[in-house]
2 protein chains.
Amino acid sequence: MPSLGGSGKRLPLLASPGKSDAPMPEQKATNIVWHAGAVTREERERLNGHRGAVVWLTGLSGSGKSTIAVALEKALWTRGVRTYILDGDNIRHGLNKNLGFSPADRTENIRRIGEVAKLFTDAGLVAVTAFISPYRADRDQVRALMRPGDFIEVLVDCPLDICEQRDVKGLYQKARAGQIPEFTGISAPYEAPLTPELTLRTAEQSPEESAAQVLAYLVARVIVSSR
Amino acid sequence: MPSLGGSGKRLPLLASPGKSDAPMPEQKATNIVWHAGAVTREERERLNGHRGAVVWLTGLSGSGKSTIAVALEKALWTRGVRTYILDGDNIRHGLNKNLGFSPADRTENIRRIGEVAKLFTDAGLVAVTAFISPYRADRDQVRALMRPGDFIEVLVDCPLDICEQRDVKGLYQKARAGQIPEFTGISAPYEAPLTPELTLRTAEQSPEESAAQVLAYLVARVIVSSR
């Protein structure tokens, strides 16, 4: 059942005229005669039947982040979990289209994605991000934005030579030919997380198995229910 | 029932080994052996039982945008509609904390908010934005980002003298004293929408009535159900 009591840091609850069950605090602003009180994150989560969180996939190009994100999204959706993928398709061409690949722009890229992931988490969704996000400090900044437990850092771990051998988008070949400057793993660093919540060894298991591993973690942390 | 058929512009559906009911198109990438197919916006909306959209509240400081947003959020949530408010609290202090109030920064502020609102709409939520958003061109840019019908521009219409008389945050007094440069309505322009989807006359009706007016519009456009 919805609670009418407002909480959080918005305007205080003012009672609605005619709803005499509600407390009637002294009214300070004369032109605000009615205020419903904000819906809290917890109320949104109750409506959804699961918690909000961000699953932050990090790893080399070609390690399998996007494929795992899509498999995870499907697995969550079939369980009725509200989820949304943030990836290059909908971020680099939209919110972050005015950013390039310099270190400063990469940092701002990840900062904005982190802020958006935080909004989705607050909205009660499980956000799944699929970005290389090569710098440890950038990812730690995102972690610091969130409540403890909300940020689930997942290392999509695949040896560089296998990523390069796959070369799904042909980017490694271009990077080796010097046609892409500052390419992570070739001409720019990748700083793997030291203590990620999860590590997925994608050279040894299918994307389906990796998605199942993340799902099991979400169940274990009571972010989503065990069916 | 969830459909397993992927659609949209992501990677094509590749059949899962062992799931022989699914079609088996020629497999082009040798290292992607399984792909669940993306969850579409329509599938998310089916799960939610309503459509995604953005209710874009625009108007002077003190016109009632935030109060209406909160009342609308509550009214939607009690109907089981997934909704999220984007406002100064969660945007100016987060995603857009590196922006000021110059015309260029205001434009970038609204651009980013528009992109985030688009993501929420794509995620199947009703996003409610509460920003002055004074420039017509900026709002029109946001409209252009979205599918027709997704962007619901709502003029929160209140005469300047009444906003200034309310002065809930004491900002008009500071602006008149020259302590706040480029203050909309005093020392910076407000360009009202010419053909908004809705106009709320907040000097003449309560926030509750304004929220009900928006809700009626959403029902009429079959974005949310009529109970």
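## Terms and basis

A residue is called buried if 20 or more other C-beta atoms lie within 10 Å of its own, exposed if 12 or fewer do, and partly exposed in between, with C-beta atoms placed from the backbone. By this definition E182(A), with 15 C-beta neighbours inside 10 Å, counts as partly exposed.

The model is predicted: local features need pLDDT of at least 70, side-chain atom pairs count only at pLDDT 80 or more, and totals for chains, interfaces and linings use all residues. Residues are numbered from 1 along each chain as its sequence is written, while chains are lettered from A and ligands numbered from 1 in the order in which they are written.

## Confidence

The predictor assigns the complex an ipTM of 0.83 and a pTM of 0.84. For chain A, the mean pLDDT (the predictor's confidence in each residue, from 0 to 100) is 85, and 84% of the residues reach 70 or more.

Residues 1–36 of chain A have pLDDT under 50 throughout. The model has 44 contacts beyond four places in sequence for this segment; two residues are in contact if their C-beta atoms, placed from the backbone, lie within 7 Å.

## Fold of chain A

Chain A contains eight helices and five strands, where helices (H or I, at least four residues) and strands (E, at least two) are DSSP runs numbered from the N terminus. Their order along the sequence is α-β-α-β-α-α-β-α-β-α-α-β-α. Of the 227 residues in chain A, 44% are buried. Among contacts in chain A with a separation of 6 or more, 72% are between residues 24 or more positions apart.

Strand β2 (residues 83–87) of chain A is largely enclosed by the rest of the structure, because four of its five residues are buried. Five bridges join β2(A) to the parallel strand β3 (residues 126–130) of chain A; two strands pair if DSSP finds at least two bridges between them. Within this pairing, D87(A) stands opposite A130(A).

## Positive phi in loops

Most residues other than glycine have a negative phi. E182(A) has a positive phi, near 55°, and lies in the loop between α7 (171–176) and β5 (198–201) of chain A.

In chain B, S133(B) has a positive phi near 40°. S133(B) is placed in the loop between β3 (126–130) and α5 (136–145) of chain B. With 25 other C-beta atoms within 10 Å, S133(B) is buried, whereas E182(A) is partly exposed.
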